[in-house]
Amino acid sequence: MHSGVASPADRRLSALIRHLEGASNAMDSDTITASPTSGFPGARNSVFEHVVRAPEDPILGVTVAYNKDSSPLKLNLGVGAYRTEEYLPIVGLADFNKLSAKLILGADSPAIQENRVTTVQCLSGTGSLRVGGEFLARHYHQRTIYIPLPTWGNHPKVFTIAGLSVKTYCYYDPVTRGLNFQGLLEDLGSAPSGAIVLLHACAHNPTGVDPTPQQWEQIRQLIRSKALLPFFDSAYQGFASGNLDADAHSVRLFVADGGECFVAQSYAKNMGLYGERVGALSIVCKSADVASRVESQLKLVIRPMYSNPPIHGASIVATILKDRNMFQEWTIELKAMADRIINMRQQLFDALRTRGTPGDWSHIIKQIGMFTFTGLNSEQVAFITKEYHIYMTSDGRISMAGLSSRTVPHLADAIHAAVTRVV
């Protein structure tokens, strides 16, 4: 069927082709004006003030110099690729980096306006954490990172192999199935000055428990008072509440005070680009000069690790973020996805209440994001798997995204049987 109106899929394909042909490189955004708050009262020097500018890579540096040359006669014979245009720089696709920083920090972020942010394209969230961890192990005066207990299973492995010492801070309270806020404040309060603190930006994995905005502000005050260095892992922006800005609140709170922080982003979940390994690491610095020097050293971390990142997934992200129509389509789809998960939570809660299942199950609707800590113990989980053929991790974590209206009653029956028959 042919009509005069292009389908969303056609529009996406056309815009992607335009992007890959290099026809449109301009960011579709409002004009950025200079920020009046370029100086912060009482701001100390950057913790990366000592970082020196690294020399360009001897091979890829040739391409950097080539790209800066405006002569029509220029010819690049330095890089060993059949078509040099296929190689991205070490730091990745420039548009992707700019747009990723804007997405997480906000279009009007003073840090972006003042060029105090360096962003490098990495291999999804895991690669972003690894590059950031290795940079810190090389250039930061503290090599201890505090991660929440519990946290994503890959966090301790990534940071340990990057060269950091991993310690934990209280996070989850198994009694309330909520946040152990007092324990969190006590543990971070007793951490050594300058230590690195890993924070989940939103939709904490695996618990689904997030601090409130007021609690985030207390966490910020404590971290800044002790000169701790926040390192955010943002794997679910837009996936938790369905609102991209709301899910970036914690990060923006820390950036607004003028302090330094690290942010790892992943597009695996919110754009479904798992197989493309698309992510970004942004480091917010005290000045544009420090940011530039930090970026030069990030290249020295990346070059021997994977040389430079793949182009396809980053091109998809950049195309969507810079095209107003596609961006709006994406935000609508994100909200529908988040709303569906919230609806599954409500259905499961209602089903358990209808069955009169012992216990308070309100944590299911209070938690947020893809995962829920049910509170089931390992024996109950084993029972559910054996008797009901429902599979989950032994700590009782379930992916709400795996549920549907059809399967909620089956899960509710299984949970009810487990808590009434297995202690």
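Modeller: **The sheet and its helices**

Seven strands make up an open sheet of mixed pairing, in the order β1-β9-β8-β7-β6-β2-β3. Helices (H or I, at least four residues) and strands (E, at least two) are DSSP runs numbered from the N terminus, and two strands pair if DSSP finds at least two bridges between them. At the edges are β1 (117-123) and β3 (165-170), each of which pairs on one side only. From one strand to the next the twist averages 25°; axes are lines fitted to C-alpha atoms, for helices over the stretch in contact, and angles run from 0 to 180 degrees between N-to-C directions.

This is a predicted model, in which local features need pLDDT of at least 70 and side-chain atom pairs count only at pLDDT 80 or more, while totals for chains, interfaces and linings use all residues. Residues are numbered from 1 along each chain as its sequence is written, and side-chain values use heavy atoms, with hydrogens and water left out.

Within the sheet, β7 (residues 229-234) and β8 (residues 261-266) pair in the parallel sense over four bridges. One of the residues involved is Phe 231, whose bridge partner in β8 is Phe 262.

Helix α3 (residues 94-105) lies across β1, β7, β8 and β9 (278-284), and runs at about 110° to β1. Helix α7 (residues 181-189) lies across β2 (144-149), β3 and β6 (196-200), at about 145° to β3.

Conventions: Contact = heavy atoms within 4.5 Å.
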